[in-house]
Structure formats: C-alpha cells, structure tokens
Amino acid sequence: MLRVVLIALVLAAGLSAAKATDPIDFKIGYLRVIKPRTAISLVEVPPVNNGLAGAQAAIADNNTTGQFLGQRFSLEDVKLKDGDNPAAAVAALADRGVSVVLADLPADALLQAADAGRARGMLFFNVGATDERLRENDCRPNVIHTAPSRAMLADALAQYLVWKQWRRWFLVVGSHETDKLFAEAIRRAARRFGAKIVEERVFEDTGGSRRSDSGVVQIQRQLPVFTQQAPAYDVLVAADESEVFAGYLPYRTWDPRPVAGSAGLVATSWDASNDQWGATQMQDRFIKQFGRRMTALDMQAWTAARMIGESAARTGANSPKTTLDFIKGPDFALAAFKGQKLTVRDWNLQLRQPILLTDGKTIVSVSPQEGFLHQFSELDTLGFDRGESKCKLN
Amino acid sequence: MRPRYSLLGIAAAIALGNPAGAFTAYVSNEKGNTITVVDTDKLQVVNTIRVGQRPRGIELTKDGKFVLVAVGDDDRIEMVDVKSGEIVAILPSGPDPELFTQDPAGKILYVANENNNTVTIIDMDKRSPLAEVQVGVEPEGMGISPDGKTLVATSETTNMAHFIDVDTRRTVANVLVDARPRFAEFKRDGSELWVSSEVGGTVSVIDPAKHVVIKKITFAIPGLRSEAIQPVGINITKDGKTAFVALGPANRVAVIDAATHEVKKYLLVGQRVWHMAFTPDERYLLTTNGVSNDISVIDVANLKVIKSIQVGELPWGVAISQH
C-alpha cells in the first residue's frame, strides 16, 4: 500500500500528461458581508455581485480546464450581515464539505472566520481586506491574501509620484478609521521613497448625504476654501476610503494641482480599462458573462479562485492542505494579465502583484517603477518586505 | 557610383515581385494597422500596406500568392495579394483572431479564437467555416504536425497544449505546461513539439506520440530578474539542430541546441521580442521587437545580430515568402 502511495506521489510531482488523475469535485465557499454600497460618483457605486462575479468567472475558467482533467468546481455564496460573527457560517460550510473559502470580510470578521475554520483544517483567501495587520501581527497560517495591502497600494503610488518628481505632498485625511490607516500607509511610503508631506489636514465627515439636487453649487465653494493657504506642494494626496470627500477634490483645489490617492490617480489591483498583457480577453469575457465591467474586488476574487484551480490542475487534489502547500511552493506561478507571474510571499502569504495606477479611464502607469530595485523580486518593493514583517506563521 | 533607382523602377520591382534569390518579409504592426514589406536581400523596407485593425498573426498562403493576416479588432482574417498589395478577400475567422496555422496542403486554416475558447476550422477555397473545436480558456498558439494529422492549440489560462486529431476534429490529449502557453512548434521530423510558456518562463519539449513533457527548458540571464524572461516565439532549423526562442521583455533571443535542449547563447535584439521567421535558405532569422518598433536580423550561421530595420508601430508577427 505504501509503495502504491509513493508511486502516485512520484507521478504527481513529475512531468506528466494531463490525464490519469482521479476525478475531483472542488467545492469552494464565498463568504461576504453585505455592506451599504456607497460612492461619491454614481458610476462607481459597487455592483451587488461585486467580487462574487469575479469568483464565478474563475470557476467557469476552472471548469473549462477541468473538463480535460475530470475536475469540477462549484461555488457557494454565503451572505452575512455587518457585525455578525461568521463562526457559525464557517462551521456550516465545513459540514457541507466546503473547506476552501474566499472571504470578503472586514478584518475582525475575517480573523474570526479563519480561527473558527482552523480547527476544521480550512483554508481562506482574503479577497477584500487591505488591512496591514492581517499580514503582520494578526497574520494567520490558513489565510492567503489576494487583496493588496494598503502599504502595497501606497508604495505603488509613491514610486510613481517620486519618479514624476512630485515630491511635495499635501495630505488630506478623512475622519474614519480606515482613512487613518490608509494615511499611515501613505506617510510610510513618503518616508521610504523620499517624498515630503508638507501639510496634512483632516476632512471631517459631518454626516451629509452624497447625493443632493443642488450639491455641486456648495461643493464648488467648499473645496477651494478647504485647500487654500497650503504651503507649496506638487500633488494633493487624499486618504478617503469612506468616499466622503476625495472624489470632489480634482479641479476644485485652491491651487491648480493634481490629486492622487483615493481620487484622481488611484492605485489598484485592477481596472476595467486595463487592456495590456492579454487583459482585453479577460475584460471581454467578464462583460459577456455579467453584463458589467470588472472591478478590483472581482479581480482579487478571480485570482483566488484561479489559484485554487491551478493547484487542483497541477496536484490533482482538492484538499486545503495540498492547495496551501502548492501555492506556497516553488512551482506555483499564476498568469493574471499583469505582465508577469504572480507568486506568494512565504513569510505572510501575501500575493505578489504589480499595482495599476489609473485615472479611471486609462492605465497611467504600473508599479513597481523602473529603477526601484530589489535583491529578490522588484514586486517586493511594494509593501512590507521579509525583513520588516512582524508576521509569524504558526 | 551606382545609378539611383527611379521611383518608377521601385514601383515596377514591387509589382513584378523580387529578383530570384531575394525573399520578401511581411511584418504585422499591431498598433500601426499596417504590414511592412521588407526585402530580405537588401534588408530594406520596400512597401507599407494598410490593413484592418490590430493585425497580429501573419502567414503566407502555401502558393505564396497571398498574405493572410488576422485583424483581431475587425474579427476577421484578411487576404492580401502580394503583387498588388491590396486586400482581395476576407476569411470568416470568428471573433478576435490572433494566431492561426494552415494544413500542409494549404487548403485548411485553423484559427484560435480566444474569446470563446474554440479553434475555428476554415475551408480556404470556399472561404467558409467548416467546424469549431472546443479547447481550454484563451487558445492562442497553433501548431500543426509535419504530416498534417495533428493540430496543437495552446490555451493561455488553462495552461495546456491540446492535441486535436484533424480528421475527427476531437481533442485526443491535453498536456499541462507552465503558465500562459503562447506558441507551439513541431520539429520538422515530427519527433518533438516545443511549447513556450510566457509567464512561466519555460519551454516545454513534448513527445507528441506519448503526450508527455520530456524536458523543460529554463533560461537565466545575468542581471535580469526571472520575471522579465518571457518566452514566446520558437523557430527550429529544418535540420532540427538549432532552435531560437524569443524572450519578450528580456530583449533577447535564446539559441538552443535542439538535440540536447541546452541553451548555447543569448542574442541581444530589440525591445519586447515576440515572433520570428527564417528566410527559406535559413540565412537570416528576423525578429519582431514590439516596443522598439523594429525588426532585428540574425545571421543564423554566425549567430550574430547584424542589423535593425525600423518598421511600423508595435511589430507583432512576421512571415517570409518561400519563393
């Protein structure tokens, strides 16, 4: 019996034709919290199936591949209310034979889900949360992150601004907790890449609605006043994940300056305008299937589900352990329309990825920028590097 | 001093084709929507032909009378008369055609349709589609065995080389290769199939009878990070001894001993090199360098890059007349 197992392992590990693997059925969970869908711009209000559609697109891709291998993939969508503890939902998924889960959850809920699933041997993909602490002090050995962290996004933006010689930044920060976390990542990026924050202001959320019939008249008066009397600066960087003010800044600043961060030039894992590296095919396929454009969250979920499919195709297995081991291993490389292979940082299970810089209409640039060098991978100039990380995976 | 050619003389030379011994290369310029025509004897541009939108895959018909070019954004393949430089016919390729290949007789065209995961089979005489074969996600590379019996399509997101029996039009084997397989090329004796994986950074050498990968060729260039080494185009000499692999943003072509599968040399060419073609006498190998808008000319016997020729915007593919 042992000999049979050994031979099977040798066959699976070697260079083999895509056949003779046993048929598998891979059930994947999709766990998400339904949040209010808000955005300053009417055209940027997130779709109801934001993220989920990306996972479904990847499941379709996995099944196209799977028809040649006898592999079938399915997705189970589980919706939670904001503030719910996901432990019960995780246990229910495990009872139904789902042990690999894509999670679009806030940081605390993600940790609750991961810890509840750990006892059952479950593997999670964080597709939505950008919080640094999930990759640092609060990292988990059963959570892979396809969402880029705030530091990765801020570093990607900072490299471009510094390359552009826009080194003097006017930082405007929202009053919500997530805004402050993004601002912290921006300050760190400025220190790392030699930019200077010459002025910092807080934009208080006074609770007004984002839509009103004569709002534009007031906004046109308020924003210039808010941004006046700043010291000389090259670019205004806004930290407003809460969608309270940043979208109003372009063209309304007191001084004629470009805006970046949460509006203007935005760092993101994906944009519907990306047409390089074969991305047009992905965009076309997505629009055909869902009748809308592909968002960053969709791409983060697509990537996670494709990583699962890639592992299954290469290993012939559907267990969480095999999936994690393969993705952490030296043979894993994913093609995801970013111009180079994506791999995983073994110290905190964060996906290495180029970051797009977009104005919402075109891709302005892609970071890492030329000249930001690294001894291992230039992608590791984005975010916390191995030597800086506080993550302990055990 | 040699007399200069008159404009009339040049026009006549184009109209009548080139003198014996000279071949003509046709370069598709993806962004320029043109084909650049190059005299491979003089190594000079002799004409530019306007075609449809986003020309990529390019080949000559087996009789040498027409250039076939896939114009993806127009969802078709155009036939250009090599004598007149005019588009004389349109083939119904299916949506967004990129690469295609012909059967050895030149009667059948096989086209990869990336948007609907199929290979379209086209009757060239009737100019009508015969059948579609379902393959993996985003088929791209298309290779045909020297005996014309087996078609290979590579699927970029499924990461497989699909072996298709051309008679039954069914897939008979599916071989997993590394990420984003772009191109498939048989050795002339049919003994090996080479498949490049752009994102994986390798070339898989496949035994086409057993359908197994027998060797994975890897590349290492001092001073270049591994992510920049992205193999795409593969050309193997007729004698099966030497292979050339274009390495994309590494700006180099790898020279490989095709018997031992060992990399012998890296030749520095233009920026983002993708596809290549030999002159029929295998004196030269031409490479398309997308970012630098030029083609490099490799002296095959001496393994040296001897010239760069400016072509149109974003050169993608190249085909060379056999006559």
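Across the interface of chain A and chain B in this predicted model, 2 salt bridges are found. One bridge that joins the chains is formed by the side chains of Arg285(A) and Glu138(B), with 2.4 Å from N to O. Over all chains, a search of the whole structure gives 42 salt bridges.

**The interface between chain A and chain B**

- On the side of chain A, 31 residues are in contact with chain B, and on the side of chain B the number is 36.
- The two chains bury about 2700 Å² between them, and 50% of this area lies on carbon and sulfur atoms.
- Between chain A and chain B, 10 residue pairs are in polar contact, counting pairs in which both residues have pLDDT 80 or more.
- Three helices of chain A give two or more residues each to the side that touches chain B, namely α2 (52–66), α8 (279–290) and α9 (296–315).
- Sorted by class, that side of chain A holds 12 nonpolar, 9 polar and 10 charged residues.

**Salt bridges within chain A**

- Arg150(A) and Glu241(A) form a salt bridge in which the closest N and O atoms are 2.6 Å apart.
- This pair links distant parts of the chain, since Arg150(A) belongs to helix α5 and Glu241(A) to the loop between β8 (235–239) and β9 (259–261), 91 residues apart.
- Arg150(A) has a relative accessibility of 4% and therefore counts as buried, the limit being under 20%.
- Glu241(A), at 33% relative accessibility, counts as partly exposed.
- A further salt bridge joins the side chains of Arg192(A) and Glu388(A), at 3.5 Å from N to O.
- Here too distant parts of the chain are linked: Arg192(A) is in helix α6 (residues 177–193), Glu388(A) is in the segment after β12 (363–367), and they are 196 residues apart.
- Glu388(A) is partly exposed at 33% relative accessibility, and Arg192(A) is partly exposed with a relative accessible area of 31%.

**Salt bridges within chain B**

- Arg182(B) and Glu198(B) form a salt bridge, with 2.9 Å between the closest N and O atoms.
- Because Arg182(B) lies in strand β16 (residues 181–186) and Glu198(B) in the loop between β17 (193–197) and β18 (202–207), the pair ties together parts of chain B that are 16 residues apart in sequence.
- Both Arg182(B) and Glu198(B) are buried.
- These two residues belong to a network of salt bridges that also links Glu140(B), Glu156(B) and Arg180(B).

**Helix α5 of chain A**

- Helix α5 of chain A covers residues 150–163, which is 14 residues.
- From its first C-alpha to its last, helix α5(A) reaches 20 Å, close to the 20 Å expected at 1.5 Å a residue.
- The helix α5(A) is largely enclosed by the rest of the structure, because 13 of its 14 residues are buried.
- After α5(A) comes Gln165(A), which has a positive phi near 70 degrees.

**Features of the backbone**

- Most residues other than glycine have a negative phi, and most peptide bonds are trans.
- The peptide bond that joins Ser367(A) and Pro368(A) is cis, with an omega of about 10 degrees.
- Pro368(A) is located in the segment after β12 of chain A.
- Tyr251(A), a residue other than glycine, has a positive phi near 75 degrees.
- The loop between β8 and β9 of chain A contains Tyr251(A), and this residue counts as exposed at 84% relative accessibility, the limit being over 50%.
- Asp96(B) is not a glycine either, yet its phi is positive, at about 45 degrees.
- Asp96(B) is found in the loop between β7 (87–91) and β8 (97–102) of chain B, and at 8% relative accessibility it counts as buried.

**Two glycine positions in chain A**

- Gly329(A) is placed in the loop between α10 (320–328) and β11 (355–358) of chain A.
- With a relative accessible area of 21%, Gly329(A) is partly exposed.
- Gly329(A) and Gly387(A) are 58 residues apart in sequence, and their C-alpha atoms are 20 Å apart in space.

Definitions and conventions
Residues numbered from 1 in each chain as written. Chains lettered and ligands numbered in written order. Heavy atoms only, no water. Contact = heavy atoms within 4.5 Å. Buried area = accessible area lost by both parts, 1.4 Å probe. Salt bridge = Lys/Arg side-chain N within 4 Å of Asp/Glu carboxyl O. Polar contact = N/O pair within 3.5 Å; in protein donor to acceptor, adjacent residues only side chain to side chain. Helix = DSSP H or I, 4+ residues; strand = E, 2+ residues; numbered from the N terminus. Nonpolar A, V, L, I, M, F, W, Y, C, P; charged D, E, K, R; others polar. Expected span 1.5 Å × (residues − 1). Buried < 20%, exposed > 50% of the residue type's maximum accessible area, 1.4 Å probe, protein only.
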